[in-house]
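The sequence and the structure are shown first.

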Amino acid sequence: MIRVLIADDQALLRGSFRLLVDLAGDCTTVGEAGTGVEAVALAEEHRPDVVLMDVRMPEMDGIEATRRICAGPATADTRVIILTTFDLDEYVYGALRAGASGFLLKDTPPADLLTGIRVVAAGEGLLAPTVTRRLIDEFARRAEPARPLPRQLDGVTEREREVLTLIARGLSNTELAAHLNLSQATVKTHVGRLLTKLAVRDRAQLVIVAYETGLVGPSSLR
């Protein structure tokens, strides 16, 4: 069972998400939080596989709560999906920099939300198509990252750089295998090595690394 924590300041939405999760068959809700502070505390207590995190919450917003959960030793294996009615650029960028594994709008169809939970729980990154476009546009407006990450690509091979570039373009493992004429097993090996070498949690974080190291830019992804 995929264990899910729901964090939203609206009780009605929390209840709706809980019902959806608990009826999925392979997911179960382990707690509900109405504030960012509660979300962090409950994540540390229950250590869920996935947190559905609202952005605008009292006491502590969802971005800061995500940062604390992703950085906490007790919740190192917990993945966060940001759920919001706002698809503003600063939320996307801030959430991914904080360590979120996914970003979806609250009007996402229920079946797609459940798929997103399963994808993120399996260690993949998840971005809504419209959010991916906005993320690219956000980097297009920035001459350089506001807070460059202390990461280098010195230990990354040429093939791994190629794989990283294609990941930043949004290609799945299946698409990577076809594009590079490799087996899916080989692609998974390359992705795994990138995650290890760059010390990131999932594919969403690999996209950030690709941008912030200058490996790719918006013009190469359009």
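At what angle do helix α1 and helix α5 pack, and how far apart are their axes? Helix α1 (residues 11-22) packs on helix α5 (residues 110-121) at about 70°, and the axes lie 11 Å apart. The two helices therefore count as roughly perpendicular, a term for angles of 65 to 115 degrees. Angles run from 0 to 180 degrees between N-to-C directions, with axes fitted to C-alpha atoms over the stretch in contact.

The model is predicted: local features need pLDDT of at least 70, side-chain atom pairs count only at pLDDT 80 or more, and totals for chains, interfaces and linings use all residues. Residues are numbered from 1 along each chain as its sequence is written, and side-chain values use heavy atoms, without hydrogens and water.

Helices are DSSP runs (H or I, at least four residues), numbered from the N terminus. Three of them surround the subject of the next paragraph, as the table lists.

| Helix | Residues |
|---|---|
| α7 | 158-168 |
| α9 | 184-197 |
| α10 | 203-212 |

In helix α8 (residues 173-180), N173, L176, A177 and L180 are buried, meaning under 20% relative accessible area with a 1.4 Å probe, protein chains only. These buried residues fall within an arc of 100° seen down the axis, so they line one face of α8. Their cover includes α7, α9 and α10. N181 follows α8 and has a positive phi, near 60°.

Within α10 lies Q205, which counts as buried at 9% relative accessibility. Leaving aside residues up to four places away in sequence, Q205 touches L96, G99, A100 and V200, where contact means heavy atoms within 4.5 Å.

Methods. Buried < 20%, exposed > 50% of the residue type's maximum accessible area, 1.4 Å probe, protein only. Parallel < 35°, antiparallel > 145°, perpendicular 65-115°, else oblique. Arc of directions from axis to C-beta.
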